[in-house]
Amino acid sequence: MKTPLLTNEVLDKALGARVFIKPENLQHSGSFKLRGALNRALQLSPQQRQGGIVAWSSGNHGLAISYVAKKLGIKATVLMPQEAPKTKIDGVRKNGATVRLYDKTKEVREEIGAQIAADTGAVIVPPYDDPFVIVGQATLGAEIAEQVRDIGQDLDLALFPCSGGGLVSGAACGIHSLVPRTEVYSVEPAGFDGMALSLAAGAATRAPALGASICDALLVPIPGQLTFPICRKHLAAGVSVTDEDVRAAMRFAYGELKLVVEPGGAVALAALLAGKVKVAGKCVAILLSGGNVDADKFANIISSQN
């Protein structure tokens, strides 16, 4: 589904910029992940469809895969960490997929997925390190570039949430297919900023990933093997934001935009509000990547000023 571009006078005035907001939290399945999941599933042969799909996900990829599988009549198994948000686990099950919870401290999701694929003939659909998934996310970047162009603006900067890099690598390619000069930035949680560290070092670098982050969707500590070379070519740099930056962005999105955005989905907005990238006088696009957040967690963040 093509999602709109939004603007907000308060945000533009505060930043001295023209900001376009892409609300993929309004997308089917509640996040941008639908694009990559759908494109990958459409590549399956009739025989592969019979075997079904196995995927692993902290939540949004699983929601997208289960949604697509339901629409296409394909069996799906989704591996999810035990601590994944309840709304994401429940949503995957509601879509008819089998959920296999795992303990991140004792089990390796890729090994579990490989065994299920070997036993059942299912096709593995990873969340980001897959060329068809990346191409699916490229449609998002191209869509943003087209919408900004149609308004008569020239896109200077674009910021995207980042974990393994499937979104930002694909979106950057999509934007640069139409507007090569646009600077694209990845945004990650502090301490889980493997892409930013890797871009700065010129080689894949693992983030410390110590402690925790409220951004449950963005906890991959190192870029993917396929995504990082693309990002080295297409990204200007990477930045990181704190949990408090994210909470402030979620409150802004709710108060000013009237949108429910999950923590990981709000990091690009958080980067703007926290001044992580200089945008004064620029035309900027940011992505609100998802809105799948537990109601009690969201209410606590919105009602608190800490």
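Predicted model: local features only at pLDDT ≥ 70, side-chain atom pairs only at ≥ 80, totals over all residues.
The chain is divided into two domains by an automatic or database assignment. Domain 1 comprises residues 6-32 together with 131-303, and domain 2 comprises residues 33-124. Between the C-alpha centres of domain 1 and domain 2 the distance is 24 Å.

An open sheet of five strands may be considered next; its strands pair in parallel, in the order S1-S9-S6-S7-S8. Strand S1 (18-23) and strand S8 (237-241) stand at the edges, and each has a single partner strand, so one side of each is left without a neighbour in the sheet. On average, neighbouring strands of this sheet are turned by 25° against each other, direction ignored. Within the sheet, strand S6 (residues 157-161) and strand S7 (residues 183-189) run parallel and are joined by five bridges. Ala 158 stands opposite Val 184 in S7.

Helices pack on this sheet. Helix H7 (residues 131-150) touches S1, S6 and strand S9 (283-288), and the direction of H7 makes about 140° with that of S1. Helix H9 (residues 194-201) touches S7 and S8, and the direction of H9 makes about 130° with that of S7.

Attention now turns to helix pairs. Two packed helices are described by the angle between their axes and the distance between the axes. Helix H2 (residues 33-41) packs against helix H4 (residues 60-72) at an angle of about 45°, and their axes are 8 Å apart. H2 and H4 are therefore oblique to each other, and H2 passes H4 in a right-handed crossing. H2 contributes Lys 33, Leu 34, Ala 37, Leu 38 and Ala 41 to the contact, while H4 contributes Asn 60, His 61, Ala 64, Ile 65, Tyr 67, Val 68 and Leu 72.

The crossing of H4 and H5 is left-handed. On the H4 side the contact is made by Asn 60, Gly 62, Leu 63, Ser 66 and Lys 70, and on the H5 side by Lys 88, Gly 91, Val 92 and Lys 94. The residues of the contact of H4 with H5 divide into two nonpolar, four polar and three charged.

Key. Residues numbered from 1 in each chain as written. Heavy atoms only, no water. Axes fitted to C-alpha atoms, helices over the stretch in contact; angles between N-to-C directions. Helix = DSSP H or I, 4+ residues; strand = E, 2+ residues; numbered from the N terminus. Parallel < 35°, antiparallel > 145°, perpendicular 65-115°, else oblique. Left-handed = near helix turned anticlockwise from the far one by under 90°. Contact = heavy atoms within 4.5 Å. Pairing = 2+ DSSP bridges. Nonpolar A, V, L, I, M, F, W, Y, C, P; charged D, E, K, R; others polar.
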